[in-house]
Amino acid sequence: MLQIRNLTASYGPVTALAGVTLHVREGEIVALIGANGAGKTTLLNAIAGLVRREGEITFTGRSLMTVAPEELVSLGVALVPEGRQLFAPLSVADHLLLGAYCRHRRVPAREIAADRERIFQLFPRLQERLEQPAGTMSGGEQQMLAIARALMARPRLLLLDEPSLGLAPLVVEAIMTTLARLRKQGLTVLLVEQNARAALKIADRAYVLETGRIILSGAARDLLADRQVTRAYLGRDYKEFTDGR
Ligand code: ATP
């Protein structure tokens, strides 16, 4: 569904992506893990057309290299950005309406209303807080709303940038469970995470990004057991690691 070949991106003299090649098949959850500054956000922003990039990105066979960020949503790709990027004074209802902005002219209002009902089944808390300003909600609720806003565009591919950021473990688990549920409903997911363990638990496959390069890839369960990944990203075997140096 998504094919990226030899993708590069720089910020002035800083190379953020140095020739990244990866793919996401329809129906998969693919995790992209890596430390701070590895280039994870840049990769998602490059797919979304938010940073200047070179190389090749195709979505269902169509090149995204000349597609503007605002057109991408209509093609079926939605980004849940790092830090949620909600509008603090706007209500939950407003955000859901905004998420469907590209569909208002094309589909009947009842279809959008039905999508909103489906969102409420997924996130009952949002229905309870419909008129609450987003800025007054908890971190977990805000993350749910950011995902819900993206889902209102009816994407085929969801790009998520660190949904676990700053959230308590139980909330992270709830978010990951929801992503696994969405996959069962047919959604394809590219999940960027620093919380490698949480991401690998629900992912089918994963890539490890280090200073702009993919250094490792494979089945998520294999990476969960991989010594290099365990040491660098899962926080186990630290003593063994330091002793061995
Ligand atoms: P984090 O998990 O901390 O968000 P990341 O893996 O998402 O990290 P990026 O945010 O993509 O990493 O950053 C990759 C590299 O590009 C880093 O060295 C960062 O300092 C640099 N970078 C990112 N944004 C900019 C910018 N706007 N201007 C200059 N350099 C940038």
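Predicted model: local features only at pLDDT ≥ 70, side-chain atom pairs only at ≥ 80, totals over all residues.
Begin by selecting strand 1, residues 2–11, together with strand 2, residues 14–24. These two strands run antiparallel and are joined by eight bridges. Within this pair, display Ile 4, which stands opposite Leu 22 of strand 2. Now extend the selection to the whole sheet, which is open and has four strands in the order 2-1-4-5, with antiparallel pairing. Its edges are strand 2 and strand 5 (62–63), each of which pairs on one side only.

**The helix on the sheet.** Next, select residues 40–47, which form helix 1. This helix packs on the sheet and touches strand 1, strand 2 and strand 4 (54–59). The direction of helix 1 makes about 115 degrees with that of strand 1.

**The ligand.** Select the ligand and the 13 residues around it; Asn 36, Gly 37, Lys 40, Thr 41 and Thr 42 come nearest.

- Thr 41: an N or O atom of its side chain is 2.8 Å from an oxygen atom of the ligand.
- Glu 162: a polar side-chain atom lies 3.0 Å from an oxygen atom of the ligand.
- Ala 38: a backbone N or O atom lies 3.1 Å from an oxygen atom of the ligand.

**The covered helix.** Finally, select helix 6, residues 139–151, which reaches 18 Å from its first C-alpha to its last. Twelve of its 13 residues are buried, among them Met 144, Leu 145 and Ile 147.

Terms used:
Residues numbered from 1 in each chain as written. Heavy atoms only, no water. Pairing = 2+ DSSP bridges. Contact = heavy atoms within 4.5 Å. Axes fitted to C-alpha atoms, helices over the stretch in contact; angles between N-to-C directions. Expected span 1.5 Å × (residues − 1). Buried < 20%, exposed > 50% of the residue type's maximum accessible area, 1.4 Å probe, protein only. Near = heavy atom within 4 Å. Polar contact = N/O pair within 3.5 Å; in protein donor to acceptor, adjacent residues only side chain to side chain.
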